[in-house]
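Hi,

Here is the structure we talked about handing over. My notes follow below it.

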Amino acid sequence: TGRSMDIQANSARFYRSAVEPTRVRIRNFREPVLELQGSVAASAGDALQFLHESPLADAADDALARMQGEGMTPLELSLSVPLASRLRQSQPLRVEGVVSFSGNRLQLIDGVAMEQVKGSLNFTEKAFSATNIAAQMYGHPARVDVFTETAGPSAHAPTVVALRGHASADALRQAFSLKLLRQLEGESDWQARLSLTPGELGGAELDIYSSLMGMAVELPAPL
């Protein structure tokens with residue numbers, strides 16, 4: 001109509017993926033806010049590209065650009081975008097969505113790859129969240145949680161990928177080029193924290209913890 005717009009799109013393209021029925025509307029041209037609600041039969045690569053090019057890039061910086069994915073990841077998306085600068089304070093940009101994994105492969109950084117990923121990743125314009133995503137890592141079942149920490153007034157909030165699982169020394173040697181791993185035999189439980197911090201001083205930081213229970217460590221005497 002002359003005062004509003006309401007479009008029901010039955011098909012479109014989203015990068016290289018197919019858009020499923022999606023609604024786009026502006027309720028009032030005098031207070032123009034673009035609303036979009038729909039879903040995409042997205043490939044993992046297109047879903048990662050969208051997250052990298054969205055406002056969420058500020059939550060994970062270039063780490064999203066380096067991630068790789070395989071398989072299909074349905075994407076549910078809701079957007080509210082103010083089209084006039086005077087509305088940006090009263091009606092700021094809002095993004096809500098869910099990426100669903102059903103047996104995908106994800107490469108986070110070198111050495112950290114997940115197979116058979118199953119679960120959902122939620123996101124807004126500011127943060128990521130996921131709980132108890134299932135995956136296979138280093139040949140064993142693993143669990144993954146994702147959250148964006150709260151930042152101080154001048155700091156950038158890192159997004160954290162918390163992982164836990166089980167691994168053999170052989171699998172770790174194949175994933176990481178660390179000389180210390182040559183001294184390990186056996187297998188053990190492990191936990192890891194991958195912090196993705198935006199900003200010029202940010203980047204990806206990986207911390208791995210393990211009791212090494214179940215592993216033999218061959219170190220030179222007197223160690």
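At 33% relative accessibility, Arg 164 falls in the partly exposed class. Arg 164 pairs with Asp 145 in a salt bridge, with the closest N and O atoms 3.3 Å apart. Arg 164 sits in strand β12 (residues 159-168) and Asp 145 in strand β11 (residues 140-148), so the bridge ties together parts 19 residues apart in sequence.

Please keep in mind that this is a predicted model. The protein chain has 223 residues, and 37% of them count as buried. It carries 4 helices and 15 strands. Its accessible surface is about 13000 Å², with 51% belonging to carbon and sulfur atoms.

The structure holds 10 salt bridges. Here are some others.

- Asp 6 and Arg 23: the closest N and O atoms are 2.6 Å apart. Asp 6 is in strand β1 (residues 5-9) and Arg 23 in strand β4 (residues 22-26), so this pair links parts 17 residues apart in sequence. Asp 6 is partly exposed at 47%; Arg 23 is partly exposed at 35%.
- Arg 173 and Asp 170: the closest N and O atoms are 2.4 Å apart. Both are in helix α4 (residues 169-175), 3 residues apart, so about one helical turn separates them.
- Arg 25, Arg 27 and Glu 35: these are linked in a salt-bridge network.

Gln 91 is partly exposed, at 33% relative accessibility. Beyond its neighbours within four places in sequence, Gln 91 contacts Glu 31, Val 33 and Pro 82. The C-alpha atoms of Gln 91 and Val 33 are 8.0 Å apart, across 58 residues of chain.

Best wishes

Note on methods
Residues numbered from 1 in each chain as written. Predicted model: local features only at pLDDT ≥ 70, side-chain atom pairs only at ≥ 80, totals over all residues. Heavy atoms only, no water. Helix = DSSP H or I, 4+ residues; strand = E, 2+ residues; numbered from the N terminus. Buried < 20%, exposed > 50% of the residue type's maximum accessible area, 1.4 Å probe, protein only. Areas by Shrake-Rupley, 256 points an atom, 1.4 Å probe, with all protein chains shown as cover. Contact = heavy atoms within 4.5 Å. Salt bridge = Lys/Arg side-chain N within 4 Å of Asp/Glu carboxyl O.
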